[in-house]
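Biologist: Please take me through the labels used for this model, and set each one against its rule.

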Amino acid sequence: MVETLNSLMHGFAVAFQPEVMMYAFFGCIIGTLVGMMPGLGPLAGISLLLPATFGLNPIIAIVLLAGVYYGAMYGGSTTSILMRIPGEAASVMTCVDGYAMTQQGRAGPALAIAAIGSFVAGTLGVLGLMLLAPTLASFALRFGPPEYTALLLVGLFVLAYMSGGSMLKTLAMAVFGLLLGMIGIDVMSGYTRFSFGITELGDGVGIVPVAVGLFGISEILMTAGQSDPPKVQRPTLRQLVPTASDLRQSAGPIARGSLLGFMIGIIPGSAHVISSFVSYGLERRLSKHPERFGNGAIEGVAGPESANNAAATGAFVPMLALGIPTGPVTAVMLAAIMVHGILPGPMLIEQQPELFWGFVASMYVGNVVLLILNLPMVGVFVSLLRIPYAYLYPCILAFCILGCYSVSNSTMDVWIMLVMGVVGYALRKFGFDLAPVALGLVLGPMLELSLRQALAMSGGDYGIFLDRPIALTMLGFAMLLLLFAVKPLIFKGKDWRSKVGLDEPADS
Amino acid sequence: MTESQQPQGGLRSDQVSGLILFALALYVGWLNREFPVGSLAEPGPGYVPMLLAIGLGLIGLLIAVFGSRSSAVSGMAWPEATRALVIMTACVLATFALERIGYRITVVALLVFFFGVIERKSWWMTATVAVTFSLASHYVVGVLLKVPLPRGPWGF
């Protein structure tokens, strides 16, 4: 514990460097703006900003991108509450009661509780990250290829089981993503697969063009022809103060949402999206007056908002401790670290303590910055929403082209982005969740490599997965998840989705 | 059940998407014939793609089989499709032009098309926003962040 505190102090020394603080601040502002703008979620924002971080030192780069990520989580709630437009997917549940509160003239307390809940959850999440990541990393030093294979399989099964929409559709998208990950040179044999004779595809398909295409371009195509945004309310500072009753009613949902969000954040999938849905369902279930939900219940804002912020932080645990992304956002952030020659994985915390602890400390700072930004300055941010969409979407498109081209100075990435934009548009029209595609793309090569390495280690004996206790436990867990997932299909029972009222596919 | 999900005649959306995924799996399997699959004990470069193609095909079939209660394809609304097609065409042309006429001119042309032709904004607003965005983004990304952006034959 003393060692952890010492490391944290060292982290604060890094985080309080003026340059780091300045970038954390910029990240939070950009994130808040990105989160508020429909069509630019945290993933598209981070992807577009990624090339700009190439020239920065790795600590600053990761602090900037993390600021964008959790800034977007904060920002997404503002448009949800004031306009019933979720700035990003995780804020969908906030729309329900948040907007109902706005219609009742209580937009101020809704915004305040969302900001307070996000702050508490974000801070508790960082605490969890600080305590859990080093422990998990030292445990993961025992991992070899069989354990990584088992872990990645668990991740994929958890993703399918916990997905917001149809399990079959989620699995289909994960397999589609895994297949995209097969494009390029096979590192073990040297074969170039599925490149169609295009030299640039030898290096594989990058996460950035795929993510920007799937999430950014498809969103613009979906909203094509949309009229000007609706009128926006601008609550004054005085109106933001919640009543004692609001605070009392929100305390429990914030605490439960923080814990739930953090735990869901650690496991793969569109964690922050799922966590907000599950938190909303849980609060409605626990409430003595569930009929209030949907009609302006403040618990319906406090729980989901806390959960999605805690999940955003929880997602950093496996990313930093194991080098494994839990979602497309952390996949892009891993790419940002790797660009600087840093290998993510269990040794990261030991070999790059400045990066890890500086990052952790900067998240504490970032949460304070966001609380300050999101309460008194909400009116300023809301002004941005007055830019007519007719001006906004062409500029976003130009940014998408610019961002993807900048990754490797190649129009191939722009073509991939456009193709994935059309694919994403079609998939969304047919009710498919897009996050598993991006996750599969990143996990695909890792899974294939670890499987083949494990078999090379054992001389082709699959018993290696049963001989090693960690791998066996994880595979057992994966089987259990599979059984749980298949049960409702066979016995026509209700699974967790219907229990929390998540019948419609979650759109990314 | 929403209006679009009311039982109607014809194919269901999940049946169509499931069959498309099945067809994609067949195509991947056909492409994969070029790579040695290896054996269970010693997988080759075609092994995992083959497993994935089989998995995708099976899941696609299951989606199609269980898709009888999804919304009818004929009932699916595509109100944004025409505009989406125009947007994509413009982006394709811009991508073709990017390395041929340079970033700044391409972006000005793209934005003028969107603001002026598609959104029918006034010519002065169109020109002001398009030129300002193009130059400002080039300055921030190309000059301040030192990302090499394409130049046209005229040097800019």
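Modeller: I start with a pair in chain A: Arg452(A) and Asp186(A) form a salt bridge, with the closest N and O atoms 2.9 Å apart. The model is predicted, so local features need pLDDT of at least 70 and side-chain atom pairs count only at pLDDT 80 or more, while totals for chains, interfaces and linings use all residues. Side-chain values use heavy atoms, without hydrogens and water, residues are numbered from 1 along each chain as its sequence is written, and chains are lettered from A and ligands numbered from 1 in the order in which they are written.

Biologist: Why is the pair Arg452(A) and Asp186(A) called a salt bridge?

Modeller: The rule asks for a side-chain nitrogen of Lys or Arg within 4 Å of a carboxyl oxygen of Asp or Glu. Arg452(A) and Asp186(A) have their closest N and O atoms 2.9 Å apart, so the pair meets that rule. Arg452(A) sits in helix α20 (residues 435-458) of chain A and Asp186(A) in the loop between β1 (184-185) and β2 (192-193), 266 residues apart. Helices (H or I, at least four residues) and strands (E, at least two) are DSSP runs, numbered from the N terminus.

Biologist: What makes Arg452(A) buried?

Modeller: Buried means under 20% relative accessible area, exposed over 50%, and partly exposed in between (1.4 Å probe, protein chains only). Arg452(A) has 6%, so it is buried. Asp186(A), at 3%, is buried too.

Biologist: What ties Glu448(A) and Arg193(A) together?

Modeller: Their side chains meet in a salt bridge at 2.8 Å, N to O. Glu448(A) lies in helix α20 and Arg193(A) in strand β2 of chain A, so the pair ties together parts that are 255 residues apart in sequence. Glu448(A) is buried at 5% relative accessibility, and Arg193(A) is buried at 2%.

Biologist: How do you know that chain B is more spread out than a compact globule?

Modeller: Chain B comes to 5 helices and 0 strands. Its radius of gyration is 24 Å, well over the 15 Å that the globule rule gives for 156 residues, so chain B is more spread out than a compact globule. The radius is taken over C-alpha atoms, and the globule rule is 2.2 Å times the number of residues to the power 0.38.

Biologist: What is the area that chain B and chain A bury between them?

Modeller: It is about 5200 Å², 80% of it on carbon and sulfur atoms. Buried area is the accessible area (1.4 Å probe) that two parts lose on being put together, summed over both. The contact (heavy atoms within 4.5 Å) takes 64 residues from chain B and 53 residues from chain A.

Biologist: How many salt bridges are there between chain B and chain A?

Modeller: The count is 2. Lys169(A) and Asp14(B) form a salt bridge, with the closest N and O atoms 2.8 Å apart.
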